[in-house]
Amino acid sequence: MSRICELTGKGRQVGNNVSHANNKTKRVFLPNLQNVTLQSEALDRRVKLRVSTHGLRSVEHNGGLDNWLAKTSDDKLSPRVQKLKREIAKAKAAAN
């Protein structure tokens with residue numbers, strides 16, 4: 001499974017380990033991914049996602065999964081979360 005956040009698209013970064021003698025060797029910085037279950041109020045169900053801690057804080061800051069997905073563009077989201085976003089939009093439209 002790739003180390004990419006399903007919500008923010010945050011993935012691995014490449015950099016250098018630099019020794020005291022200024023020798024440089026390649027290394028990888030991995031995002032802090034967590035398996036979380038988020039509640040969707042519009043769908044009235046829970047969704048399991050693999051999210052970075054930065055993405056989780058963003059969701060909480062915006063008032064939940066539904067609000068965060070409404071504000072986020074589709075190019076950052078995984079295909080599974082894009083489908084979830086469409087389902088939420090459809091459920092909100094039906095409620096109005």
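Predicted model: local features only at pLDDT ≥ 70, side-chain atom pairs only at ≥ 80, totals over all residues.
## Around helix α1

Helix α1 itself spans residues 53-61, and its buried residues are Gly55, Ser58 and Val59. These three sit on the same side of α1, because the arc they cover around the axis is only 100°. Turn to the other side of α1 and you will find Arg57, Glu60 and His61, which are exposed. What do the buried residues of α1 pack against? Their partners are β4 and α2.

## The nonpolar core

The largest nonpolar core has 16 residues, and the members touching the most others are Leu7, Leu49 and Leu69. Two or more residues come from each of β3 (33-40), β4 (45-52), α2 (65-71) and α3 (79-95). As background, nonpolar side chains in soluble globular proteins tend to be buried together.

Leaving aside residues up to four places away in sequence, leucine 49 touches Glu6, Leu7, Gln34, Asn35, Val36, Leu38, Arg80 and Val81. Leu7, in that list, is also one of the core residues that touch the most other members.

## Aromatic rings

How many aromatic pairs does a search of the whole structure find? The count is zero.

There is still a ring to look at, though. Arginine 27 lies over the face of phenylalanine 29, and its distance from the ring centre is 3.9 Å.

Conventions. Residues numbered from 1 in each chain as written. Heavy atoms only, no water. Core = buried A, V, L, I, M, F, W, Y, C linked by side-chain atoms within 4.5 Å. Buried < 20%, exposed > 50% of the residue type's maximum accessible area, 1.4 Å probe, protein only. Helix = DSSP H or I, 4+ residues; strand = E, 2+ residues; numbered from the N terminus. Contact = heavy atoms within 4.5 Å. Arc of directions from axis to C-beta. Phe/Tyr/Trp six-rings, centres within 6.5 Å; stacked < 30°, edge-to-face > 60°. Lys NZ or Arg CZ within 6 Å of the ring centre and 35° of its normal.
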